[in-house]
Amino acid sequence: MSIDAPNPTCASCSRTLWQDELTHQGCGVCLRRTDAALAELAGPRGLYARLSTVMAPGTSGGGGRVSGSKNAPIPVRLAALNLQSHGGVVTILQTWQIDWYEMNGFTHPRWSGRLQQQLDQTVDALRNNLPWAAAEHPAWSEFADEVGQLFGACKAQVSGEPPARRVTVTCTLCDATMRITLDTPGRRCQCGTQYGWAELRQLPLAERTAA
């Protein structure tokens, strides 16, 4: 009597794929979570636009000022500025859009307007192509993880909440290290080993290198 092989798992979170997802890289749960994160980043009231409201040191998304050091603060909050400027959220997402377009043989994307308008255009393109990416893109897990990190970083700046603490864990098969947070749904090691949410949290912490 033959034994049925287990269904493949999502490259991002290691959930077992449903019957109609068996050839996919990502599951429907991760697709919907990534889509929601992209949607919250974009738009005139999105997280990216709201970064401009927290540029002043000591401010949060609620508009209040937080008391701090008596020393004169720097003119802007650098973390929020870095996310909103060239090289930040917009540039990272545009790099993914270019990659997807090249894989599909599409014309190189063109963007117009200020960074906010470019972000909205890029997010629309990525969301329209998410089903394809979850099904076929070999780096789906990296994309989903990067979108989650951008979303978390922007949300932390806008809300004033500290970002999720990152820790470094070690793969039990090849000893490579991976940086994760409590929100990381899953991660594929460079050796190809896939770890789910629970499995990641059972990995040993990487030893700190002596200074």
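How many disulfides does a search of the whole structure find? I searched and found zero, a disulfide being a pair of cysteine sulfur atoms within 2.5 Å.

**Basis of the entries.** I note that this is a predicted model, in which local features need pLDDT of at least 70 and side-chain atom pairs count only at pLDDT 80 or more, while totals for chains, interfaces and linings use all residues. Residues are numbered from 1 along each chain as its sequence is written, and side-chain values use heavy atoms, with hydrogens and water left out.

I looked up Cys10, which is in no disulfide; its nearest cysteine sulfur, that of Cys27, lies 3.8 Å away. Cys10 has 0% relative accessibility and so counts as buried. For this term I used under 20% relative accessible area as buried, over 50% as exposed, and in between as partly exposed (1.4 Å probe, protein chains only). Cys191 is likewise in no disulfide; the sulfur of Cys189 is the nearest, at 3.7 Å. With a relative accessible area of 39%, Cys191 is partly exposed.

**Overall make-up.** I counted eight helices and four strands, taken as DSSP runs numbered from the N terminus (helices H or I, at least four residues; strands E, at least two). From the N terminus, the order is α-α-α-α-α-α-α-β-β-β-β-α. Of the 211 residues, 41% count as buried.

**Cores.** I next looked for nonpolar cores, that is, sets of buried Ala, Val, Leu, Ile, Met, Phe, Trp, Tyr and Cys residues joined through side-chain atoms within 4.5 Å. The largest has 38 residues, and Leu38, Val89, Leu93, Trp100, Trp140 and Phe143 have the most contacts inside it. Among the elements giving two or more residues to this core are helix 1 (28-41), helix 4 (89-104) and helix 7 (140-159). Helix 7 supplies the largest share, eight residues. I also recorded a second, separate core of nine residues, including Val169, Met178, Cys189 and Tyr195. In soluble globular proteins, nonpolar side chains tend to be buried together.

**Phe143.** Contact here means heavy atoms within 4.5 Å. Leaving aside neighbours within four places in sequence, I found Phe143 in contact with Thr34, Leu38, Trp96, Trp100, Leu126 and Leu130.

**Helix 4 and helix 5.** Which residues of helix 4 meet helix 5? I listed Val89, Val90, Leu93, Gln94, Trp96, Gln97, Trp100 and Tyr101. Their partners in helix 5 include Leu115, Leu119 and Leu126.
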